Amino acid sequence: MAVIADALPFAYEFPVAKTALIVIDMQRDFLEPGGFGETLGNDVGRLARIIPGVVSLLRVARAAGMPIIHTRENHAPDLSDCPPAKRNRGNPSLRIGDPGPMGRILVRGEPGADIVESVAALPGEIVLDKPGKGAFYATDLQNILQSLGITHLLFAGVTTEVCVQTTIREANDRGYECLLIEDATESYFASFKSATLDMIRAQGGIVGWTATIDALSRALHT
Ligand code: C5J
């Protein structure tokens, strides 16, 4: 068992061979100007700041031999998996499926729906397309994790309070021991990120744990 002694709210123990890293939605549509995030009025520069952290985290997880799953929030070109409620919500400057500077917004196969190059999947790593905020909804994630014998999940990616938190909650309900890497996740809203970290680890880790990349790395080297 590896142990992150200074995880919050208390030490996180994890069997490295049964632990996977899930990196949520590090896509151009969320991190770069002209994509889905910006059409909703967000400052995408906030999210781009965690790219070096995610690069370091990927290096640590790859060195430890952990399975890595990269998710992408996107929709089929005919939008058959995009409920009208999702497409019509709010007042974005471009809606899901509309043509934008990086292709059709949040549509599978378009440049904007790709993962940013510096944190892209390596051959052999899993790329999971998902139509919802949570990565278990309408995907094969549970079967993938069960077939790999995974019991513990590390999380990173964007945005902390939407797709990352939703997926952690889905995973927690399915019995996985979940830990969110604090410096490899980000929100368009600083207060939402810190509130999410607090929510996850409140009440004795009601949803899971949080820790830094450095703390994970130290745990893997002792
Ligand atoms: C959002 C996500 N925020 N990946 N998606 O719509 O968090």
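**Overall fold and the setting of leucine 179**

For a chain of 222 residues, a compact globule would have a radius of gyration near 17 Å; the protein has 17 Å, so the two agree. The model is a predicted one. Along the principal axes, the C-alpha atoms fill a box of roughly 50 × 35 × 30 Å. Nine helices and 10 strands make up the secondary structure elements of the protein.

Burial and contacts were then examined. Of the 222 residues, 53% count as buried. Contacts between residues at least 6 apart in sequence were sorted by separation: 73% of them join residues at least 24 apart. The accessible surface of the protein comes to about 9,400 Å². Carbon and sulfur atoms account for 54% of that surface.

Charged side chains were also counted. The protein carries 20 positive and 26 negative side chains. The centres of these two sets lie 2 Å apart.

One residue was followed in detail. Leucine 179 is part of strand S9, which covers residues 177-186. Its relative accessibility is 0%, and buried means under 20%, so leucine 179 counts as buried. Neighbours within four places in sequence were set aside for its contacts. Threonine 39 lies 140 residues from leucine 179 along the chain. The C-alpha atoms of threonine 39 and leucine 179 are separated by 31 Å.

Note on methods
Residues numbered from 1 in each chain as written. Predicted model: local features only at pLDDT ≥ 70, side-chain atom pairs only at ≥ 80, totals over all residues. Heavy atoms only, no water. Helix = DSSP H or I, 4+ residues; strand = E, 2+ residues; numbered from the N terminus. Rg over C-alpha atoms; globule rule 2.2 N^0.38 Å. Buried < 20%, exposed > 50% of the residue type's maximum accessible area, 1.4 Å probe, protein only. Contact = heavy atoms within 4.5 Å. Areas by Shrake-Rupley, 256 points an atom, 1.4 Å probe, with all protein chains shown as cover. Lys, Arg positive; Asp, Glu negative; His and termini not counted. Charge placed at Lys NZ, Arg CZ, Asp CG, Glu CD.
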